[in-house]
Amino acid sequence: MIKNIFYTLVIPIVFSSCQQKNTSPVKKPNIIIIYADDLGYGDLSCYGASAVQTTHIDRLAAEGLRFTNAYSEASTCTPSRYAMLTGRYAFRNDAAILPGDAPLIIEPDRETLASMLKKAGYTAGVVGKWHLGLGNGSPDWNADIKPGPLEIGFDYSFLLPATADRVPTVYVENRRVVDLDHRDPIQVDYNKKIGKDPIGLEHPKMLKMAADTQHSGTIVNGVSRIGYMTGGHQAYWKDEDFADVFTDKAKAFIHQHQNEPFFLYYALPHIHVPRMPNNKYVGTTNMGPRGDLIVEMDAMVGEIMKTLKDLNLDKNTLVIFSSDNGPVLDDGYGDHAEELIGNHKPAGIYRGGKYSAFEGGLRMPMIVRWPNEIQPGISDAVINQIDFFASLANLTGVKIDRETIAPDSENLLDALTGKSKKGRRVMLQESFTMAIREENWKYIEPVSKKIPDWLDNKTVETGLQQEPQLYNLKHDPREQRNLAGKYPDKVAELAGKLKEIMEKKN
């Protein structure tokens with residue numbers, strides 16, 4: 001009798017206990033993408049830089065996986081950001097560098113990283129530079145501004161609407177301009193001067209730094225910008241405060257959501273022009289504002305990592321650090337970046353930079369840290385930021401229809417976490433022309449469209465030529481020897497594959 005009672009009561013309890021243990025869900029990692037702006041492959045000391053020391057990012061690399069074959073989808077910012085957030089090549093939506101009053105280019109019914117991760121139980125936030133447009137047309141900056149991040153999956157946003165060199169020079173939190181005085185309404189125009197605010201072309205003596213014609217619109221904080229605006233004076237940002245303002249907002253989001261899985265897209269405005277570091281970072285390098293901003297950016301990364309550690313979140317947070325496109329020195333302002341560069345090589349050994357079809361415009365520093373799952377090391381797996389979508393969907397258990405959602409994203413989770421060195425075999429690349437990389441071969445298509453006039457003023461090698469280019473990146477990573485004439489069959493093969501990708505409907 002006692003024996004029967006034992007089996008009746010104890011065994012079911014033990015069995016039930018085992019069942020609960022085996023079926024308990026694994027805790028999802030928090031996910032943070034820290035996305036720098038115009039940071040080159042060679043701009044970090046963990047990637048070989050000696051003229052600047054990036055101690056916090058170096059520690060991230062020492063504790064994580066440092067990639068040598070990681071790419072942005074494009075060599076300019078808006079297309080790269082569109083592709084990363086949607087898992088879709090930017091050319092499919094004609095994504096290009098946007099003015100500051102452009103409408104949102106991600107349709108509200110299109111799945112994004114944020115909306116996909118929400119299906120897995122994540123709270124999503126974006127802090128920093130947006131530059132993907134806001135509203136349905138020219139936004140009304142004095143009312144609710146939508147659609148925006150909140151309409152495409154984010155639960156919270158604190159934005160630089162476009163870039164620091166474009167108007168409007170105000171912060172937007174969720175759907176509203178921060179600190180707006182409605183007695184001083186904002187107006188923005190990218191075609192003609194409006195209002196009575198001074199502009200750079202007319203008042204050069206008011207400027208903290210000289211600017212080219214393109215950047216000689218309305219003056220804010222002693223800097224002339226692209227475009228014209230009037231009103232909103234109380235809401236104007238101060239460039240030197242970016243590091244503190246954005247770091248505080250990012251840390252607040254982490255604190256607020258520390259007890260639930262969260263996704264933070266932290267889009268740094270650094271090191272895009274105009275380069276105006278806070279006084280505590282001025283002079284930290286010998287390279288002027290550009291070098292000093294790299295140090296400031298590094299400190300911003302350090303603050304995020306310290307916050308994770310203080311909250312005991314650092315072990316189960318997947319942190320991805322990368323950049324939107326390659327480096328540029330003179331990008332419209334007289335900050336002496338070219339004169340003070342010394343022996344520093346912003347793109348490392350690679351040719352070109354921002355705006356370029358060459359590797360310097362597209363091959364990015366990328367570090368992935370997740371102590372619970374990733375062993376520190378170096379990976380040469382080829383991976384594109386467009387692959388974050390499918391990889392993170394796999395990580396979090398979200399099923400996606402690849403025909404309609406993130407059609408160009410590949411699931412490279414094993415490569416992203418260092419469990420495999422097998423990455424992409426074929427990858428499309430966008431600049432002001434199209435290119436394709438297949439294994440070690442890279443084909444750059446001849447230029448077929450009109451190039452913006454302002455690009456002629458840049459000193460970056462764009463790689464834009466009237467004849468086809470073919471490089472073997474294994475033997476010629478600096479892209480010095482065009483092999484198109486020697487291997488016409490390979491040119492034809494890759495041109496055909498490029499055309500096939502571009503004609504794919506999705």
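The model shown in every view is predicted.

**View 1. Helix α8 and the glycine after it.**
Gly-397 follows α8, and its phi is positive, near 80 degrees. The helix itself covers residues 388-396. Seven of its nine residues are buried, so α8 is largely enclosed by the rest of the structure. The buried residues are Phe-388, Phe-389, Ala-390, Ser-391, Leu-392, Ala-393 and Thr-396.

**View 2. Helices α5 and α6 meet.**
Helix α5 spans residues 242-256, and helix α6 spans residues 289-310. Their axes come within 10 Å and cross at roughly 20 degrees. Angles under 35 degrees count as roughly parallel, and α5 and α6 are therefore roughly parallel to each other. The crossing of α5 past α6 is right-handed. On the α5 side, look for Phe-242, Ala-243, Phe-246, Thr-247, Ala-250, Lys-251, Ile-254 and His-255. On the α6 side, they meet Glu-296, Met-300, Glu-303, Ile-304, Thr-307 and Leu-308. Sorted by type, the residues of this contact are eight nonpolar, three polar and three charged.

In soluble globular proteins, nonpolar side chains tend to be buried together. Here the largest nonpolar core has 66 residues. Trp-130, Phe-154, Val-177, Phe-263, Tyr-265 and Met-366 touch the most other members. Take Phe-154 as an example. Leaving out residues up to four places away in sequence, Phe-154 touches Leu-85, Ala-114, Ala-124, Gly-125, Val-126, Trp-130, Pro-149, Phe-263 and Tyr-265. A second core is separate and has 53 residues, including Ile-34, Phe-158, Phe-253 and Leu-313.

Helix α10 runs over residues 488-503 and contains Lys-490. Is Lys-490 buried or exposed? Lys-490 has a relative accessible area of 18%, so this residue is buried. Apart from residues up to four places away in sequence, Lys-490 touches Glu-438, Trp-441 and Leu-470.

**View 3. A buried glycine in a loop.**
Gly-353 sits in the loop between β12 (317-323) and α7 (359-362). Gly-353 is buried, and its relative accessible area is 1%. Setting aside neighbours within four places in sequence, Gly-353 is in contact with Ser-75, Gly-326, Pro-327, Gly-360, Gly-361, Val-460 and Glu-461. How many residues along the chain lie between the positions of Gly-353 and Ala-51? They are 302 residues apart, and their C-alpha atoms are separated by 19 Å.

Note on methods
Residues are numbered from 1 along each chain as its sequence is written. This is a predicted model: local features need pLDDT of at least 70, side-chain atom pairs count only at pLDDT 80 or more; totals for chains, interfaces and linings use all residues. Side-chain values use heavy atoms; hydrogens and water are left out. Axes are lines fitted to C-alpha atoms, for helices over the stretch in contact, and angles run from 0 to 180 degrees between N-to-C directions. Helices (H or I, at least four residues) and strands (E, at least two) are DSSP runs, numbered from the N terminus. Angles under 35 degrees count as roughly parallel, over 145 as roughly antiparallel, 65 to 115 as roughly perpendicular and the rest as oblique. A crossing is left-handed if the near helix is turned anticlockwise from the far one by less than a right angle, and right-handed if clockwise. Contact means heavy atoms within 4.5 Å. Ala, Val, Leu, Ile, Met, Phe, Trp, Tyr, Cys and Pro count as nonpolar, Asp, Glu, Lys and Arg as charged, and the others, Gly among them, as polar. A nonpolar core is a set of buried Ala, Val, Leu, Ile, Met, Phe, Trp, Tyr and Cys residues joined through side-chain atoms within 4.5 Å. Buried means under 20% relative accessible area, exposed over 50%, partly exposed in between (1.4 Å probe, protein chains only).
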